[in-house]
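Hi,

Here is the structure I said I would pass on.

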Amino acid sequence: MTSFIYGLLLYIFLMIPPVANLVESIMITHMHMQMPLLVIAGFLMGKLFQRKFPFFFKKWNSNGIPGITLFLIIIIYWTIPRTMDEALTVQSIEVFKFISLPFLAGIPLRDSWSKLSSFGRNTVIIIFMIKYFGMGALYIWWPSQLCNNYLLIDQLTLGWGFVTTGICLLLYLIYVFMIDPSDYE
Amino acid sequence: MGYLFIIALDMEVISVLKNRQTTVSFIVVILFGFVLFYFGTDGFKAFTAETARLNELKEVKPVFPQVTMEDSKGRTYSLSEFVNKYVLITFLYTSCGTVCPQLEKNMGELYDRLPQYVGKDILFLSISFDPTRDDPDRLETYRKAFGSDGDTWRMARIVDKNELEMLLKRFGVIIIPDGNGNFTHNSAFYLVDKTGRLSEVMDYTKIEEAADKIATLIESETGNKK
C-alpha cells in the first residue's frame, strides 16, 4: 500500500502544471526525466493492481511476455520525435502520455519483469541499448530540427543523453556476461 | 553461444504457446502496437511533426487571413493587394544569422529563375515575424542586401500581434524565442494561389523543384484560359 501511495504522489506531482511545464520546456528532461518518472509512478502503483486483480495478471500475462512487449511498444512510441512535439501541442496526446506511461508501461513492467527469465531480461536490455544508440545517432547527426518545439541544441543534448544511457546499458551487459555472481558467494 | 541463444528463444516461444490466454493477450498487444504506430504516424508516413504539418497543410489548404502588412517602403495593405496573382511567401526575421539569410538567398534564386512570370503572375513576399525590431527602415536595408526590388518582391512586417499569431498558426509556422533575441523556426516556401489559399508548401532548399512546380501551375492556368 505504501508503494502505491508513493507512486500516486509522484504521479500527482508530475501532473501539477508548473512541474509539467518546467520539465517539458527542456527536451532532455521531457524525455529522460518526466517520461521515466511517469513509468516509475506506474511501477510503484502497480503493486496494488497486482493484489486487486491477481488472476487477471496471472491469466493474461503468465510469463511476462505480453506485458514486457506492451512496455516496449509504449516506450518506443514516446521516442518518436513527432509524439514529443504533439504532447506539447495536442492536448489529447498529452493526456495519452500521462495515461500510457504509468498504466500501459509502468504497471506491465512491474508485473512482467519478475516473471522474465534472465535471458528475457537481458534481451530487453539489449533492445534498449540498440534503440538508445540508434536514437542517439539520429538526434546527433540529423541536420535539421526533428522537433519543432525544441531548439537544435536541445536535440544534440538529447542525442548525447541517449548515447550515454546506451553506454551504461552496455557496461551493465558486459558486467552480466563477464561476472558470475556465484564466484563471490 | 548462438546455439544457447536459439534454445533459450525456443523456450520462450514454447512458454508463450503453453498458455492460451497469454498468447491471446500477446497478439492483442502486438495489434495495439501496430494501431498505435499506424495512427501516431499517419500510416507510417510522418514520424516528425514537421512532416505531419506539411502533409496536413497540403490537404487543408488554409486561406491567408485578413492581416495588415507594412512593407519596407512604409505602405500598408492586406493580401488583396495581390489579387489575381500567385504569392510566394517566406517567413523570417532580419536579425537571424542562420536559416533566414539562406532562405532569402534561395528565394532570390527562385525569383531569378522565373523572370517571365514575376510581376505578371506571381509576386514574392517576405514576412517578418519580429515586428518590434523589423521596422520599415530595417526591412529596407535587408531588402537591398538581397537585391529585392521592393515591388515584385516585397519585404513586410505584420504590426498587430494577434494578426501575426493568427497567420503563423494557420500556416503552421512555429517560432521559439531562445532568450537571446534569436528564434528557432521552421522554414519553407509557401505558395498562395490567386484566391488567397495556400496551394503549396515547398522545400526551400530545392529551388529548381520549386521553380518547375510554379511554372507548371501558372502554365496550366494560362493554358486553360486559351
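Which residue forms a salt bridge with K97(A), and how far apart are the closest N and O atoms? The partner is E24(A), and the closest N and O atoms of the pair are 2.9 Å apart. Before you read too much into any distance, bear in mind that this is a predicted model.

What I like about that pair is where its two ends sit. Over all chains, the structure holds 20 salt bridges.

Now the helix packing in chain A, where I looked at two pairs that share helix 3.

Take helix 3 (residues 27-52) of chain A with helix 7 (residues 91-113) of chain A: their axes come within 6 Å and cross at roughly 55 degrees. An angle between 35 and 65 degrees counts as oblique, so helix 3 of chain A is oblique to helix 7 of chain A. The crossing is right-handed. As for who takes part in this contact, the residues are 14 nonpolar, six polar and four charged.

Then there is helix 1 (residues 2-15) of chain A against helix 3 of chain A. Here the axes are 7 Å apart and the angle is about 150 degrees. Anything over 145 degrees counts as roughly antiparallel, and therefore that is how helix 1 and helix 3 of chain A run relative to each other. Their crossing is left-handed. If you want to find the contact on screen, helix 1 of chain A brings residues including F4(A), L8(A), Y11(A) and L14(A), while helix 3 of chain A brings, among them, L37(A), L38(A), L44(A) and F49(A). By class, this contact has 14 nonpolar residues, three polar and one charged.

Last, the interface. Chain A puts 30 residues into the contact and chain B puts in 35. About 2800 Å² is buried between chain A and chain B, with carbon and sulfur atoms giving 71% of that area. On the chain A side, R82(A), F119(A) and N148(A) lose the most area to chain B, and together they make up 26% of what that side buries.

How many salt bridges are there between chain A and chain B? The count is one. R82(A) forms a salt bridge with D42(B), with the closest N and O atoms 3.3 Å apart.

Cheers

Key
Residues are numbered from 1 along each chain as its sequence is written. Chains are lettered from A and ligands numbered from 1 in the order in which they are written. This is a predicted model: local features need pLDDT of at least 70, side-chain atom pairs count only at pLDDT 80 or more; totals for chains, interfaces and linings use all residues. Side-chain values use heavy atoms; hydrogens and water are left out. Axes are lines fitted to C-alpha atoms, for helices over the stretch in contact, and angles run from 0 to 180 degrees between N-to-C directions. Helices (H or I, at least four residues) and strands (E, at least two) are DSSP runs, numbered from the N terminus. Angles under 35 degrees count as roughly parallel, over 145 as roughly antiparallel, 65 to 115 as roughly perpendicular and the rest as oblique. A crossing is left-handed if the near helix is turned anticlockwise from the far one by less than a right angle, and right-handed if clockwise. Ala, Val, Leu, Ile, Met, Phe, Trp, Tyr, Cys and Pro count as nonpolar, Asp, Glu, Lys and Arg as charged, and the others, Gly among them, as polar. Contact means heavy atoms within 4.5 Å. Buried area is the accessible area (1.4 Å probe) that two parts lose on being put together, summed over both. A salt bridge is a side-chain nitrogen of Lys or Arg within 4 Å of a carboxyl oxygen of Asp or Glu.
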